[in-house]
Amino acid sequence: MNTAHNIKRLRMKKGWSQRELATRSGLVHPAAIGHYERGRRTPGLVNLERLAKALKVSITELTK
């Protein structure tokens, strides 16, 4: 698995839209979540921390 797959899997497990994850994580635009999930962009450390906190997982779980 990769980061893109893990973000999508964990988001969907919670039943959240990309917009909801963006809001809960404090990311400015929901399109960023879409880019991350498709592997077009890789979140930096700050955004990984935000995503992990919102999803209630470790950064390791997002990136393994």
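Modeller: Helices (H or I, at least four residues) are DSSP runs, numbered from the N terminus. Axes are lines fitted to C-alpha atoms, for helices over the stretch in contact, and angles run from 0 to 180 degrees between N-to-C directions. This is a predicted model: local features need pLDDT of at least 70, side-chain atom pairs count only at pLDDT 80 or more, and totals for chains, interfaces and linings use all residues. Residues are numbered from 1 along each chain as its sequence is written, and side-chain values use heavy atoms, with hydrogens and water left out.

Colleague: Fine. At what angle do helix 1 and helix 3 cross?

Modeller: Roughly 125°, with the axes of helix 1 (residues 3-14) and helix 3 (residues 30-37) coming within 7 Å. The two helices are therefore oblique to each other. The classes: under 35 degrees is roughly parallel, over 145 roughly antiparallel, 65 to 115 roughly perpendicular, and the rest oblique.

Colleague: Which residues meet there, helix 1 to helix 3?

Modeller: From helix 1, Ala 4, Ile 7, Lys 8 and Arg 11; from helix 3, Ile 33, Tyr 36 and Glu 37. Contact here means heavy atoms within 4.5 Å. By class, that contact has 4 nonpolar, no polar and 3 charged residues. Ala, Val, Leu, Ile, Met, Phe, Trp, Tyr, Cys and Pro count as nonpolar, Asp, Glu, Lys and Arg as charged, and the others, Gly among them, as polar.

Colleague: Is Arg 11 buried or exposed?

Modeller: Buried, with a relative accessible area of 8%. Cut-offs: buried is under 20% relative accessible area, exposed over 50%, partly exposed in between (1.4 Å probe, protein chains only).

Colleague: Which side chain does Arg 11 join in a polar contact?

Modeller: That of Glu 37, at 2.5 Å. A polar contact is a pair of N or O atoms within 3.5 Å; within protein, one must be able to donate a hydrogen and the other to accept it, and residues adjacent in sequence count only if both atoms are side-chain atoms. Not counting residues up to four places away in sequence, Arg 11 also touches others, including Trp 16, Leu 21 and Leu 55.

Colleague: How many residues of helix 3 are buried?

Modeller: 7 of the 8, so helix 3 is largely enclosed by the rest of the structure. Among them are Pro 30, Gly 34 and His 35. The cover includes helix 1, helix 2 and helix 4. Gly 39 follows helix 3, with a positive phi near 75°.

Colleague: On to helix 2. Which residues are buried there?

Modeller: Leu 21, Ala 22 and Ser 25, in a helix spanning residues 18-25. Down the helix axis they fall within an arc of 100°, so they line one face. That arc is taken from the directions from the helix axis to the C-beta atoms. They pack against helix 1, helix 3 and helix 4 (45-55). On the other side, Arg 19 and Thr 23 are exposed. Gly 26 follows helix 2, and its phi is positive, near 85°.

Colleague: And Leu 62, where does that sit?

Modeller: In helix 5. Leu 62 is buried, with a relative accessible area of 0%. Its C-alpha is 6.9 Å from that of Ala 52, 10 residues apart along the chain. Leu 62 touches Ile 7, Leu 10 and Leu 48, among others.

Colleague: Last one: Lys 64, buried or exposed?

Modeller: Exposed, at 57% relative accessibility. Lys 64 is in the segment after helix 5 (59-63).
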